[in-house]
Amino acid sequence: MKIVQTILLTLYKVWVFLVFTVFMILYLPGILIPFLMGQRFGNIGYFFLWLWSWTFSILTFIRYEFYGTENFKKGQAYIFVSNHTSFLDIPGIRMIIPGQFRPLAKKELLKIPVFGWIAKAATIIVDRSSPESRKKSIDRLKQFLKQGISILIFAEGTQNRSKEVLQPFHDGAFRIAVDTQQPILPMVVVGAGRLMPPSTINLRPGKIRIYVGQQIETEGLTSADIAALKEKTFVAMKEMITSNS
């Protein structure tokens with residue numbers, strides 16, 4: 001029985017890889033061309049990213065359930081702060097966030113065939129080992145917020161490979177929030193790490209839930225409030241995860 005299960009899971013992984021690759025190539029012109037035409041066409045590129053995410057979900061039998069979408073306010077630019085447990089976080093986050101936004105992404109994503117082109121066009125790439133790169137990426141994120149485009153930051157900095165609910169948060173998202181006076185909208189992904197653990201290509205079908213919390217105001221805050229803002233967001237997200245796990 002165990003041999004049969006292993007064979008089925010191997011076939012499933014091959015199927016997921018094919019779905020990931022074939023539909024990413026199929027939708028690639030719709031994703032890349034709008035960004036080449038300028039940022040004002042970004043909504044078109046992000047529509048095709050939503051389409052790819054939806055297709056990936058349907059054909060791989062990985063279902064996403066969304067909660068708290070009423071907390072989105074139309075026309076409001078947010079600093080989305082999310083946990084990060086798996087590659088499978090990404091399609092769901094794309095589907096739940098309305099319109100276009102700009103995630104902060106690590107430079108290692110550029111090495112992934114095809115997906116690296118998309119990451120370069122649709123995200124803000126950062127070399128975490130370079131202070132200059134980190135500063136440039138933060139400046140670019142602030143520019144998008146000024147244009148009314150939301151940004152997304154995984155506050156833990158990388159996928160959570162620990163046994164803790166959340167890893168300690170970095171300051172970047174909260175410093176940007178204070179500098180721009182834009183609200184933080186926390187969200188958490190529950191169940192993705194179980195279906196595809198970090199640092200593995202082990203996959204299985206199942207259900208992933210994404211919860212959007214209440215926005216956290218930053219108006220009037222200063223640099224002296226960054227630590228408290230980070231702690232407030234951490235506590236809110238930890239509670240969202242533990243109460244929904």
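This is a predicted model: local features need pLDDT of at least 70, side-chain atom pairs count only at pLDDT 80 or more; totals for chains, interfaces and linings use all residues.
A residue counts as buried when its relative accessible area is under 20%, and as exposed when that area is over 50%.

Aromatic contacts were examined next. The count comes to 16 aromatic pairs. One of them joins Phe20 and Trp52. Their ring centres lie 5.5 Å apart, and their planes meet at 85 degrees. Planes over 60 degrees apart count as edge-to-face, so the Phe20–Trp52 pair, at 85 degrees, is edge-to-face. Phe20 belongs to helix 1, whereas Trp52 belongs to helix 2, which covers residues 42-60. The pair therefore ties together parts that are 32 residues apart in sequence.

Tyr78 and Phe80 form a further aromatic pair. Here the centre-to-centre distance is 5.6 Å, with 50 degrees between the planes. This geometry is tilted. Both Tyr78 and Phe80 are buried.

Phe20 and Trp52 also belong to one aromatic cluster. Phe56, Phe87 and Phe115 complete its membership.

The surface was then considered. A nonpolar patch of about 610 Å² is present there. Val14, Trp15, Phe17, Leu18, Val22 and Phe61 make up this patch. Phe17 is located in helix 1, which spans residues 2-36. The relative accessibility of Phe17 is 56%, so Phe17 counts as exposed.

Notes
Residues are numbered from 1 along each chain as its sequence is written. Side-chain values use heavy atoms; hydrogens and water are left out. Patches are made of residues with over 30% relative accessible area and no salt bridge: like charges are joined within 9 Å, nonpolar side chains (Val, Leu, Ile, Met, Phe, Trp, Tyr) within 5 Å. Accessible areas come from the Shrake-Rupley method with a 1.4 Å probe; for residues, only the protein chains shown count as cover. A salt bridge is a side-chain nitrogen of Lys or Arg within 4 Å of a carboxyl oxygen of Asp or Glu. Helices (H or I, at least four residues) and strands (E, at least two) are DSSP runs, numbered from the N terminus. Buried means under 20% relative accessible area, exposed over 50%, partly exposed in between (1.4 Å probe, protein chains only). Rings of Phe, Tyr and Trp (its six-membered ring) pair if their centres lie within 6.5 Å; planes under 30 degrees apart count as stacked, over 60 as edge-to-face and the rest as tilted.
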